Amino acid sequence: YTDRLFRFGILSDVHNNNVGSQSNEDIADLTNALSVLNSIESVNMTCICGDITQGGRPAQFAVYRDTVSANSPNTPVYTTTGNHDCGGSSNSTINESTWEQYTGHPLTFEITRTLDNGKNDHFLFLGMNKWSLGTKGTPYKTESIDWLESKLKEYKNERCFVFTHLFFPDRAGNLNDIYPTSNWLQG
């Protein structure tokens, strides 16, 4: 065992809704989780794997933004989109500028942490572009999938953490066939 390098928190499916439209348990849950991660656990950052809203509406994104601002003042929070953030309809797509307005970062991005030993850890966030479940639809833009593939190749000798909400339809285990066909990860 070695000394701890850093700590980060992971959340998913917080499903913030409009204030007053339900029991507000989702807002309370996110508030509690962020407070614990920010204060008690002293994490370096919190990562959320999508569905920060129930239906992708501006008021729900505002609740999320305000909850993060109030309850994680010392700890950055990074998130990716989930199917609920894409509006809840097969024809809906998330608007990147709206997403950035409420989260402070793009749909697909990376955070790199340089460790004391000079090595890097890479946190890769792949956001959904469109409502989709299972193998139906195209939840990720081709350029986003290509971006992830290039990052995994570039950082093949470094540690990567990939954050996404939905698995890659028809690609689980072997994104863009980057592994040899005899590899156990195939399919």
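## A buried ring

F109 is buried, with a relative accessible area of 8% (buried means under 20%, exposed over 50%, partly exposed in between, using a 1.4 Å probe and protein chains only). F109 pairs with F125. The two rings are stacked, 4.5 Å centre to centre, with 0 degrees between their planes. Rings of Phe, Tyr and Trp (its six-membered ring) pair if their centres lie within 6.5 Å; planes under 30 degrees apart count as stacked, over 60 as edge-to-face and the rest as tilted. The F109–F125 pair links distant parts of the chain: F109 lies in strand β4, F125 in strand β5 (residues 120-125), and 16 residues separate them. F125 is buried too, at 0% relative accessibility.

This is a predicted model: local features need pLDDT of at least 70, side-chain atom pairs count only at pLDDT 80 or more, and totals for chains, interfaces and linings use all residues. Residues are numbered from 1 along each chain as its sequence is written, and side-chain values use heavy atoms, leaving out hydrogens and water.

Y78 sits in strand β3 (residues 77-79) and F109 in strand β4 (residues 109-114), so the pair links parts of the chain that are distant, 31 residues apart. Y78 is buried, at 18% relative accessible area. Helices (H or I, at least four residues) and strands (E, at least two) are DSSP runs, numbered from the N terminus.

One aromatic cluster takes in F6, F8, Y78, F109, F123, F125, F161 and F163.

Two strands pair if DSSP finds at least two bridges between them.

β4 and β5 run antiparallel, joined by six bridges. F109 has F125 as its bridge partner in β5. The hairpin of β4 and β5 has five residues between the strands. There, G118 takes a positive phi near 90 degrees. β5 is mostly covered, with five of its six residues buried.

On to the next strand. β5 and β6 (residues 159-163) run parallel, joined by five bridges. D121 stands opposite R159 in β6, and H122 stands opposite C160 in β6. Axes are lines fitted to C-alpha atoms, for helices over the stretch in contact, and angles run from 0 to 180 degrees between N-to-C directions.

## The sheet of β1, β2 and β3

Another open sheet of three strands has the order β1-β2-β3, with parallel pairing. Its edge strands are β1 (8-11) and β3, each pairing on one side only. On average, neighbouring strands are turned by 20 degrees against each other, direction ignored.

Four bridges pair β1 with strand β2 (residues 45-48) in the parallel sense. F8 has M45 as its bridge partner in β2. Helix α1 (residues 25-40) packs on this sheet and touches β1, β2 and β3 (contact means heavy atoms within 4.5 Å). The direction of α1 makes about 165 degrees with that of β1.

## A helix with two sides

Which residues of helix α3 (residues 96-103) are buried? They are W99, Y102 and T103. These residues lie on the same side of α3, because they cover an arc of only 85 degrees around the axis (taken from the directions from the helix axis to the C-beta atoms). An α-helix has 3.6 residues a turn, so residues three or four places apart point the same way.

S97 and Q101, on the other side of α3, are exposed. The cover over the buried residues of α3 includes α2 (58-71) and β3. After α3 comes G104, with a positive phi near 85 degrees.
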